[in-house]
Amino acid sequence: MTPQPMVRPSSLMASGVQMREFGGVYLFRFSDELQSRFETLLDRYKTATLTAEEMAEYAGITELQRILPWSMPG
């Protein structure tokens with residue numbers, strides 16, 4: 001199996017993630033821009049129309065989503 005290239009999740013932290021306090025606990029949220037980009041990539045992923053670069057970006061965003069404690073949207 002060939003390793004899949006991925007954008008480093010840490011490269012998305014500075015501009016794409018916001019931290020909010022909720023009841024003394026800090027939770028993370030995607031910025032509006034990163035959330036919109038993720039949704040665009042997800043739609044293209046579902047239709048199998050991602051370029052190799054977009055697939056690497058999608059993989060990085062989904063990995064970031066997996067490893068951080070997230071708040072509920074809204």
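Student: How do you know that the length of helix α2 agrees with what its 15 residues should span?

Tutor: This is a predicted model, and we can check the helix in it. Helix α2 covers residues 32-46, and at 1.5 Å a residue it should span 21 Å. Its end C-alpha atoms lie 21 Å apart, so the two values agree.

Student: Which residues of α2 are buried, and what puts them on the same side?

Tutor: Leu34, Phe38 and Leu41 are the buried ones. They cover an arc of only 70° around the axis, and therefore sit on the same side of α2. Asp32, Glu33 and Lys46, on the other side of α2, are exposed.

Student: What do the buried residues of α2 pack against?

Tutor: They pack against α1 (13-16), β2 and α3 (52-67).

Student: Why is Glu54 called buried?

Tutor: Glu54 belongs to helix α3. Its relative accessible area is 13%, and buried means under 20%, so Glu54 is buried. Leaving aside neighbours within four places in sequence, Glu54 is in contact with Arg37, Leu41, Arg44 and Thr49.

Student: What makes β1 and β2 a pair of strands?

Tutor: Pairing needs at least two bridges. Strand β1 (residues 17-22) and strand β2 (residues 25-30) are joined over six bridges in the antiparallel sense, so they pair. Met19 stands opposite Phe28 in β2. The two strands form a hairpin with two residues between them, and Gly23 in the turn has a positive phi of about 60°.

Technical notes:
Residues numbered from 1 in each chain as written. Predicted model: local features only at pLDDT ≥ 70, side-chain atom pairs only at ≥ 80, totals over all residues. Heavy atoms only, no water. Helix = DSSP H or I, 4+ residues; strand = E, 2+ residues; numbered from the N terminus. Expected span 1.5 Å × (residues − 1). Buried < 20%, exposed > 50% of the residue type's maximum accessible area, 1.4 Å probe, protein only. Arc of directions from axis to C-beta. Contact = heavy atoms within 4.5 Å.
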